[in-house]
Number of protein chains: 2
Amino acid sequence: MKNILIIGCGLIGSSLVRAIVKKKISKNIFVYEKSKKNILKIKKLNLQCILISDFKNVVPKIDLIIFCTPMSQYEKIILEINKYLITKIIITDVGSSKESSLALIKKKLKKGISWTSSHPIAGSEVSGPEFGDSNLFLGKWCILIKEKNSNKKHLFFLKKFWKRIGSRVITMNSKKHDTIFSITSHLPHLIAYNLVKSAQDFEKIKKYDLIKFSAGGLRDFSRIAASNEIMWRDIFFNNQSNISKVIDLFIKNLKSFKKDIELKDDKSLIKKLVETKKVRKKIIMLKQDINKPDFGRS
Amino acid sequence: MKNILIIGCGLIGSSLVRAIVKKKISKNIFVYEKSKKNILKIKKLNLQCILISDFKNVVPKIDLIIFCTPMSQYEKIILEINKYLITKIIITDVGSSKESSLALIKKKLKKGISWTSSHPIAGSEVSGPEFGDSNLFLGKWCILIKEKNSNKKHLFFLKKFWKRIGSRVITMNSKKHDTIFSITSHLPHLIAYNLVKSAQDFEKIKKYDLIKFSAGGLRDFSRIAASNEIMWRDIFFNNQSNISKVIDLFIKNLKSFKKDIELKDDKSLIKKLVETKKVRKKIIMLKQDINKPDFGRS
């Protein structure tokens, strides 16, 4: 490949720059980043990319565009680049929810241009190009969205691309994607935010200084609840209907736990606790987490 | 000190054995452990302690007894050792909830004997003596329960003991303890169990193989939800009234998040997400967690 354009160079975008350089996937990497703070960081980091502030002269020669901005930025950027897009260009994004963003893209993107969506399951609570890592995608899943009308050539191209970056690639449609990630990712984040919010409220009500005792469990949630608020607002809004459903399931189950505890229903409670324990083993077996107590952080 | 007796030698008990040996706090360490599996492990690990199967000849010469069993075992053991207890003996435990266990202890313990309760904020999702660590308590809080009728001499003694083990000691009454830990520890564990349970239910309903995509957030919760079920059943039952209250607060807040998402209330949602983010910084500043993205596990 000759020219890649990465739009948005935070944690994911800058990790892609680093991985593309490392694997020598493209001759040139162009980066469009609107945050002045991030531009300064990118220069200071000496990232091997060409910073651009205008699409006009660059987009026509690009082979692959990767959108790495928050999803709420897509529309504005699509409208800016539409006039420079030519049929053979491959476009993808790394957004964490798909159905509603793909509906918007379909409406806004110039007719005749394909958009083939990706979702690398990688990231952390920190944001910004300084935290990027060429190994961020190594061994991680990357979901490619395949619908009936998907461009097979672009799908094949992107499959190869993500594999070279180090990901394990799997395809599914956007509906299935959004259903799965509502429970494995979106709800966990919302729950973490909500637990930390509840602890803050509790601290105010009781006037206790309690955050210092967070090593008992709360600290784990605080990590996830420190994730980027713009990115997560976009995900929550875009996957609203699935998230609402899993919130309802979660509340139903929590009320059942509460009932067990209030009735001291030993049998029912122990059954639940023993069942949930099995998931950790499965996650470790599937290499979705490290096999060290306490994440090895002690 | 000449003789310490540790009753229950799992993760916490065996960590205490190791720390006491390392710090040369006691001449002898006696260990009472009823699980045959654990006894074999203790022997194999060559833990420097004397395993006992009977209290009769040992308890009368003990200076300090530390209960490290699940709280539901306390009653049975108290009734067994009562007849061997003499006034000067110091007794403590490491249970994670206090009000209801102290009420039971008051009822069951021989009159004239003091019980001064401790709660070291240390542990992890693994159990058993093979995971014990002499540094487990290093720099961690240990709460000492101080009520109006507490034995000041024993409190002073235990304060010194936990400090030598490496803990930072703080005293509070059992009511305050149980209130604080209902939100910083008990609710987070229940929420983790509940999230994993909801994911399991969801997997069954949708017939999707989704655990393999748990790196998006679910895996963090699965660690806490792998904690010992007996220990956590006891905590949930013993601190039921506080836990019920924080469940209600949690559900109230979750419904408010759900409303923000359904109404796409940008301002309200962002405000919550930005506020909760601050807690992570505070936790790191207070040295309650390591300052590495993703717990440094990548």
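Chain A has a radius of gyration of 21 Å, which agrees with the value near 19 Å that a compact globule of 298 residues would have. The model is predicted. Chain A touches chain B through 89 residues, and 89 residues of chain B take part in return.

**Chain A as a whole**
- The C-alpha trace of chain A spans about 70 × 45 × 35 Å along its principal axes.
- Chain A holds 10 helices and eight strands.
- Of its 298 residues, 50% are buried.
- Take the contacts in chain A between residues at least 6 apart in sequence: 76% of them join residues at least 24 apart.

**Where chain A meets chain B**
- How many residues of chain A are in contact with chain B? There are 89 of them, and they meet 89 residues of chain B.
- Five elements of chain A each give two or more residues to this side: α6 (174-206), α7 (218-224), α8 (229-238), α9 (240-262) and α10 (266-285).
- Which of them gives the most? That is α6(A), with 22 residues.
- By type, the residues on this side of chain A are 48 nonpolar, 18 polar and 23 charged.

**A helix pair across the two chains: α8(A) and α10(B)**
- Helix α8(A) packs against α10(B), which covers residues 266-285 of chain B.
- Their axes are 10 Å apart, at an angle of about 135 degrees.
- The crossing is right-handed.
- From α8(A), the contact uses A:E229, A:W232, A:R233 and A:F236.
- From α10(B) come B:D266, B:L269, B:I270, B:L273, B:V274 and B:K277.
- These residues divide into six nonpolar, no polar and four charged.

**A helix pair within chain B: α3(B) and α4(B)**
- Helix α3(B) covers residues 74-81, and α4(B) covers residues 99-108.
- Their axes come within 10 Å and cross at roughly 25 degrees.
- Angles under 35 degrees count as roughly parallel, so α3(B) is roughly parallel to α4(B).
- Is this crossing left-handed or right-handed? The crossing of α3(B) and α4(B) is right-handed.
- On the α3(B) side, the contact residues are B:Y74, B:E75, B:I78 and B:L79.
- On the α4(B) side, they are B:S101, B:L104, B:I105 and B:K108.
- The residues of this contact are five nonpolar, one polar and two charged.

Definitions and conventions. Residues numbered from 1 in each chain as written. Chains lettered and ligands numbered in written order. Predicted model: local features only at pLDDT ≥ 70, side-chain atom pairs only at ≥ 80, totals over all residues. Contact = placed C-beta atoms within 7 Å. Helix = DSSP H or I, 4+ residues; strand = E, 2+ residues; numbered from the N terminus. Nonpolar A, V, L, I, M, F, W, Y, C, P; charged D, E, K, R; others polar. Rg over C-alpha atoms; globule rule 2.2 N^0.38 Å. Buried ≥ 20, exposed ≤ 12 C-beta atoms within 10 Å, placed from the backbone. Axes fitted to C-alpha atoms, helices over the stretch in contact; angles between N-to-C directions. Parallel < 35°, antiparallel > 145°, perpendicular 65-115°, else oblique. Left-handed = near helix turned anticlockwise from the far one by under 90°.
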